[in-house]
Amino acid sequence: IVMSLMIGEYMEFALKRDAELVELSGGRIWPVIAPEEMEGAYPYVIYAMDGMEEASTKDGIYGDTVREEILVCGRSVAEVENVADAVRRAMERALPAWNDESDERPFLVQDQTFRAGAEDFDLNHDGFFLPLNYVIETER
């Protein structure tokens, strides 16, 4: 198994264990897609891997570069921005905490970089959304 394919474990650790984010989102934090029965319940957060590349030398693979998208959805721009700020703080707090418990982890996170976000409105869901993109460097 390529350990970084388990990046969802890190994302769950980062987002679902953060008290501030859980409170602001009402605990509505899911991988890949929101459950159908939650349609129209705002705000919520979805996270999904957007791609991955190996990091290697002639001695072999030593880690991966993983792209992760976190989608924040809400009824207003202000709500989306507020939850998105909480997501960024949760991600900042997660990295040292994850690595501190490294004996229990399938991989270490060496670095994570926030890359982009652009607000938009979705007519089909009558809500605003803001994708937050991260590049996460892992070590096996």
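Val109 stands opposite Thr138 in β6. The model is predicted, so local features need pLDDT of at least 70 and side-chain atom pairs count only at pLDDT 80 or more, whereas totals for chains, interfaces and linings use all residues. Residues are numbered from 1 along each chain as its sequence is written, and side-chain values use heavy atoms, with hydrogens and water left out.

Strands are DSSP runs (E, at least two residues) numbered from the N terminus, and two of them pair if DSSP finds at least two bridges between them. The pairings of β6 (residues 127-139) are listed here.

| Strand paired with β6 | Sense | Bridges |
|---|---|---|
| β3 (residues 60-74) | antiparallel | 12 bridges |
| β4 (residues 108-116) | antiparallel | seven bridges |
| β5 (residues 120-122) | antiparallel | three bridges |

Within β6, Tyr134 is the bridge partner of Glu68, and Gly127 is that of Asp122. The hairpin of β5 and β6 has four residues between the strands, and Asp126 there takes a positive phi near 50 degrees.

β2 (44-57), β3 and β6 each supply at least two lining residues, and β6 gives the largest share, three residues. By class, the lining divides into 11 nonpolar, three polar and three charged residues.

How values were computed:
Ala, Val, Leu, Ile, Met, Phe, Trp, Tyr, Cys and Pro count as nonpolar, Asp, Glu, Lys and Arg as charged, and the others, Gly among them, as polar.
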